[in-house]
Amino acid sequence: MEVNKLAHYILAINPGSTSTKLGIYEDRKLLFTETVRHADEDLAGFSKIADQLPLRLQVVAEFFEKHGFDARRLAAVAGRGGLLKPMNGGTYMVSEDMLSDATSGIFGEHASNLGPVLAFEIASKFEIPAYIVDPVTVDEFIPESRLSGFSGIDRISQLHALNIKAVSRKVARGLGRPLEELNFVVAHLGAGISVAAGLGGRIIDVNNADNEGPFSPERSGTLPLKQLIRLCYSGKYTEKEVVGLVTRKGGLCSYLGTKSAHEAEKRAISGDFHAELVLNAMVHQIAKEIGAMAAVLDGRVDGIILTGGLAHSEYIVGKLRKKIGFLGEVFVLPGEEELEALAEGALRVLNGEEAKREYSCLLD
């Protein structure tokens with residue numbers, strides 16, 4: 001006789017710079033979700049990201065009330081992992097060390113640092129576990145990937161790990177094979193672009209989405225080194241201003257004055273030859289990075305996965321297919337299902353499919 005297994009109710013929390021995304025899952029089934037936008041004036045009074053905690057907790061309380069959900073039913077809370085120590089991929093228990101690193105901003109200030117803190121604050125009320133899943137600082141580099149070409153400057157693994165890992169698992173399930181047996185090149189195409197070489201599920205190389213690789217709607221990616229050095233010493237900009245230029249005002253924004261790939265695409269289709277050139281150049285650079293990661297995998301590629309917001313564009317995907325199709329089958333999973341990925345990471349641990357990791361146990 002089949003025994004009915006009790007469902008696990010999981011709260012997934014993804015705090016962003018101007019929003020808080022929330023979802024309640026019954027195992028893998030999404031019950032309800034909401035994205036709460038935060039006005040600039042609501043956040044202006046906070047000098048540090050960690051100071052926003054009471055505001056964000058109030059948002060969660062109102063979310064429960066709005067949907068009539070009794071939080072005592074929760075089995076776990078999964079928060080977006082922020083800028084933390086380098087670590088292997090997986091689902092991690094929120095610990096005191098993690099909370100300290102997230103709130104202090106020792107590895108960088110970002111709204112996602114609130115993820116583990118929110119998860120812990122809510123979970124501790126109900127004596128249930130709090131997790132993070134595949135944060136941006138996942139580091140599974142092989143030694144060769146770490147060397148930059150200049151002694152004393154190491155390459156740093158920072159990427160859209162949560163979505164990259166999630167779509168890799170999803171494609172593997174669709175193929176009916178264990179992820180551990182498959183090699184994928186995964187291109188997360190968003191405001192920032194991460195192109196990763198996945199060897200049996202481990203990301204052994206990836207461009208740092210904040211300062212390497214293809215240019216994107218707002219980031220410059222890899223730049224000619226000597227010309228960048230001259231710009232830095234030109235006296236026109238401070239260090240902070242240069243960083244802002246290449247991370248928030250680079251890419252499409254620099255060339256076209258817009259961060260909207262949709263707007264750039266409309267302009268290109270309507271006959272704007274400059275917009276068409278810029279989009280073609282972005283596709284050109286993405287394709288080069290995908291080819292490079294295929295070489296990292298020695299050409300043993302079971303598929304190329306295109307994901308992220310730009311993967312909604314038939315214009316961009318169509319042009320990419322022409323350039324990379326020879327490498328293998330191309331799978332297109334547009335968007336970012338990060339709440340689902342958080343819930344599934346917690347569920348794998350609750351179901352005993354994956355061992356939870358400890359924050360003190362970092363790189364293997």
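Is N183 buried or exposed? N183 counts as buried, because its relative accessibility is 9% and the cut-off for buried is under 20%. Please keep in mind that this is a predicted model.

**Around N183**

- You will find N183 in strand 9, which covers residues 183-189.
- The side chain of N183 has a polar atom 3.3 Å from the backbone nitrogen of G200.
- A polar atom of the N183 side chain also lies 3.0 Å from the backbone oxygen of R300.
- Leaving aside residues up to four places away in sequence, N183 touches G198, L199, G200, L297, R300, V301, D302 and G303.

**Helix 11 and helix 12**

- Helix 11 spans residues 273-296 and helix 12 spans residues 314-324; their axes come within 10 Å and cross at roughly 45°.
- Helix 11 is therefore oblique to helix 12, as an angle between 35 and 65 degrees falls in the oblique class.
- On the helix 11 side, the contact involves E276, L279, N280, M282, V283, H284, I286, A287 and I290. Their partners in helix 12 are Y315, I316, K319, L320, K323 and I324.
- By type, the residues in this contact of helix 11 with helix 12 are ten nonpolar, two polar and three charged.

**Two residues with positive phi**

- E127 sits in the loop between helix 4 (114-126) and strand 6 (130-133). Its phi is near 55°, a positive value in a residue other than glycine.
- E127 is exposed, because its relative accessible area is 76% and exposed means over 50%.
- D134 is in the loop between strand 6 and helix 5 (143-146). D134 is not a glycine, yet it has a positive phi of about 40°.
- D134 counts as buried, since its relative accessibility is 1%.

**S151 in its loop**

- S151 belongs to the loop that joins strand 7 (147-150) and strand 8 (153-154).
- With 73% relative accessibility, S151 counts as exposed.
- S151 and K236 are 85 residues apart along the chain, and their C-alpha atoms are separated by 29 Å.

Notes:
Residues are numbered from 1 along each chain as its sequence is written. This is a predicted model: local features need pLDDT of at least 70, side-chain atom pairs count only at pLDDT 80 or more; totals for chains, interfaces and linings use all residues. Side-chain values use heavy atoms; hydrogens and water are left out. Helices (H or I, at least four residues) and strands (E, at least two) are DSSP runs, numbered from the N terminus. Buried means under 20% relative accessible area, exposed over 50%, partly exposed in between (1.4 Å probe, protein chains only). A polar contact is a pair of N or O atoms within 3.5 Å; within protein, one must be able to donate a hydrogen and the other to accept it, and residues adjacent in sequence count only if both atoms are side-chain atoms. Contact means heavy atoms within 4.5 Å. Axes are lines fitted to C-alpha atoms, for helices over the stretch in contact, and angles run from 0 to 180 degrees between N-to-C directions. Angles under 35 degrees count as roughly parallel, over 145 as roughly antiparallel, 65 to 115 as roughly perpendicular and the rest as oblique. Ala, Val, Leu, Ile, Met, Phe, Trp, Tyr, Cys and Pro count as nonpolar, Asp, Glu, Lys and Arg as charged, and the others, Gly among them, as polar.
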